[in-house]
Amino acid sequence: MIRLEGVSKVYKTSTRPALHNVSVDMDKGEFIFLIGPSGSGKSTFLRLLLREEVPSKGRVYVSNFDVARMARRRVPRLRQSIGCVFQDFRLLTNKTVAENVAFALEVIGKPRNTIRKVVPEVLELVGLDGKSDRMPHELSGGEQQRVAIARAFVNRPLVLLADEPTGNLDPDTSQDIMLLLERINRTGTTVLMATHDHGIVDSMRRRVVELSLGEVIRDDARGVYGVGR
Amino acid sequence: MRASFVFSEVLTGLRRNFTMTIAMILTTAISLTTLGAGLLIVRAVGEVQENFASQTEVQIFLTNDSSAIDTSCSQSPCADLKSQLQNTYGVREVNYENRHQVFERFKKIFAAQPQLVELTREQALPATLHVKTNPGTPTEVLAQQFKNRPGVKSIGDQGQFVRDLFSKLNTIRDVAFGFAVVLAVAALLLISNTVQLSAFNRRTEVGIMRLVGATRWYTQLPFLLEAVVSGLVGAVIGIGGLLALVGAVFGGGGSSIGGIVTSMGIGDVLLVSPILLGVSIVISALTGYVTLRLYVRH
């Protein structure tokens, strides 16, 4: 589903590569943690998958897309098959819960009938049925992240990228969010989550890819956050 | 593409940048009014040229002696002058008007001022040779040529008067176009600024749109339309301004400037308006597009 082949990325403003000769293969339906300290290249990794950046060397594949070489006009198609969740939720503060989720479909031109049908469904899936008319500021952090997940998942993406989705949440709420991501993973969606959260990685026992200074230093099928920690 | 979605985005954008939008609309409007005034002058000059090119004539006023003696232009110097004129390149027609005929015409012209007619004696008026030329003939050369011939007292060149009028109108036109260009630059910069501001205000929305895979058109069309809608409103106000201007100068139709510039009315403004609308739409869309290309990452 996701494949990087000898990928390096050097930013113009830096002499040290953000990623160096990274090769990883992630299958459909996998749940992968991407870990490593700040500056280890996690964000660059995710940005390459979204074609927010182009690698300096190597190939990037997501599903059938040859991400680094595809024409720019096809990038929207790629992004429609990837859902994204962030630490800071990135909700539109002037829209209700349902409108936030619907927005993701409106802007890719989905018909109104479809939107009216699928938005309540996905809100129920993330446990927000009954809160569709609330504004984001009326919700707790955990609930806001659920809205963000609903928005990322409403178009049924093949891949869900989560960049520190629990970074702003307390441990209990984080647990709930992880259960939700697991549920989404069980529908067959590949979930790739960048995180610093030891507790979550250790308790889930999923595949762990660890980056350090831009290189993959560990790839465990059922790993923990830090060896011997 | 969902029109209702794009439309609501455009409205939101315009509302959020209310003051900038107003500035943008007003500058566009004034710029277009000035441009329109320039275009109307071009039309007026063209019309006047057409009307007067065939009607202007050179009048050769004869000396007192000649006017007194010769009533049918059968003697020298009048007859000589007439035949010389008839043999001059570009001359179409030469007509003689004796002193009495001139006085009759004078009485007709000044019928409204009987005192003036009373005070004027027939002997004070010169017999005149009316010279009509083919269009495009340089009448000033003709006037120069005959100025010092025997029997000629003075020469009146209507072409010279029309040329002076045209040159003044052309200066006004050039100044109007100059102002229009300067204002258009101001409008352009305002449009560019407003589009940038609008995009900055909605960076979260645009960021999300890009992430979920909205096409470039979907993310950028609202901004582009904002620019075009403002341009359109500006153009409509500008056309209104032009109508007001024409109304103020010509009093709503019927009158004219000095009997030379024929009346301009709503019809003329309506003929110019499509140009103004077109210019406004093209410039605002182009500015919006270039701004988005240069400053807003997709």
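What follows is a tour of selected strands and helices in chains A and B of a predicted model.

Local features need pLDDT of at least 70 and side-chain atom pairs count only at pLDDT 80 or more, whereas totals for chains, interfaces and linings use all residues. Residues are numbered from 1 along each chain as its sequence is written, chains are lettered from A and ligands numbered from 1 in the order in which they are written, and side-chain values use heavy atoms, with hydrogens and water left out.

Begin by selecting the open sheet of chain A, in which 4 strands lie in the order β2-β1-β4-β5 with antiparallel pairing (strands are DSSP E runs of at least two residues, helices H or I runs of at least four, both numbered from the N terminus; two strands pair if DSSP finds at least two bridges between them). The edges are β2 (19–26) and β5 (65–66) of chain A, each with a single partner strand, so one side of each has no neighbour in the sheet. Strand β4 (residues 57–62) of chain A joins β5(A) through 2 bridges in the antiparallel sense, and A:V62 has A:F65 as its bridge partner.

Next, select strand β6 (residues 82–86) of chain A, where 5 of the 5 residues are buried, so the strand is largely enclosed by the rest of the structure (buried means under 20% relative accessible area, with a 1.4 Å probe and protein chains only). A:I82, A:C84 and A:F86 point one way from β6(A), while A:G83 and A:V85 point the other way. Strand β7 (residues 159–163) of chain A runs parallel to β6(A) and is joined to it by 5 bridges, with A:L161 opposite A:C84.

Move on to helix α3 (residues 97–106) and helix α4 (residues 112–125) of chain A, which pack at an angle of about 125° with their axes 10 Å apart. That makes α3(A) oblique to α4(A) (angles under 35 degrees count as roughly parallel, over 145 as roughly antiparallel, 65 to 115 as roughly perpendicular and the rest as oblique). Among the residues that meet are A:V101 and A:L105 in α3(A) and A:V118 and A:V122 in α4(A).

Finally, select helix α10 (residues 216–250) and helix α11 (residues 266–295) of chain B, whose axes come within 8 Å and cross at roughly 150°. These two helices, α10(B) and α11(B), are therefore roughly antiparallel to each other.

Note on methods
Axes are lines fitted to C-alpha atoms, for helices over the stretch in contact, and angles run from 0 to 180 degrees between N-to-C directions. Contact means heavy atoms within 4.5 Å. Buried means under 20% relative accessible area, exposed over 50%, partly exposed in between (1.4 Å probe, protein chains only).
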